[in-house]
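This report covers a helix contact, a pocket and a charged pair.

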Amino acid sequence: MRWDPKDLASIAWAFATWNVPHRPLLEAISSSSIATINEFHMRELASIAWSFATLRCHDVPLLEALSSSAVGKLSSGDASAKGISTTAWAFATLR
């Protein structure tokens, strides 16, 4: 089954909100997100970044994909202030 970006972001957010760092699930979310990163909107990028940072899950390939996509969104003007600040917070938290 293929999950869309909104589903992936919602699932990651739910587990982070409840502070449940289920590694196999996070790995599946990561690989699915990387495979479909070009379909993500800034809100979904920010939500995935926030969720992984909240759970202290430092997934380098996912972070690289998120940052690359976020830069593209910034360049094209397809990013909100909230999305940018949430993503920045996540990266600062995981450094």
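The model is predicted, with local features needing pLDDT of at least 70 and side-chain atom pairs pLDDT 80 or more, while totals for chains, interfaces and linings use all residues. Numbering starts from 1 along each chain as its sequence is written, and side-chain values use heavy atoms, without hydrogens and water.

| Class | Lining residues |
|---|---|
| Nonpolar | 4 residues |
| Polar | 6 residues |

A pocket is an open set of points on a 1 Å grid over the protein atoms alone, where a 1.4 Å probe fits, with protein on both sides within 12 Å along at least five of seven lines; lining residues have an atom within 4 Å of a point. The volume of the largest one is about 430 Å³, taken as the space filled by probe spheres set on the points. Among its 14 lining residues, A9, W13, R43, E44 and S47 lie nearest the centre. Helices (DSSP runs of H or I, at least four residues) are numbered from the N terminus. α3 gives the most to this lining, with 5 residues.

S30, S33 and I34 of α2 meet P61, L62 and A65 of α4, contact being heavy atoms within 4.5 Å. This contact has 4 nonpolar, 2 polar and no charged residues.

There is 1 salt bridge in the structure, defined as a side-chain nitrogen of Lys or Arg within 4 Å of a carboxyl oxygen of Asp or Glu. R2 pairs with E39, their closest N and O atoms lying 2.5 Å apart.

Terms used:
Helices (H or I, at least four residues) and strands (E, at least two) are DSSP runs, numbered from the N terminus. Ala, Val, Leu, Ile, Met, Phe, Trp, Tyr, Cys and Pro count as nonpolar, Asp, Glu, Lys and Arg as charged, and the others, Gly among them, as polar.
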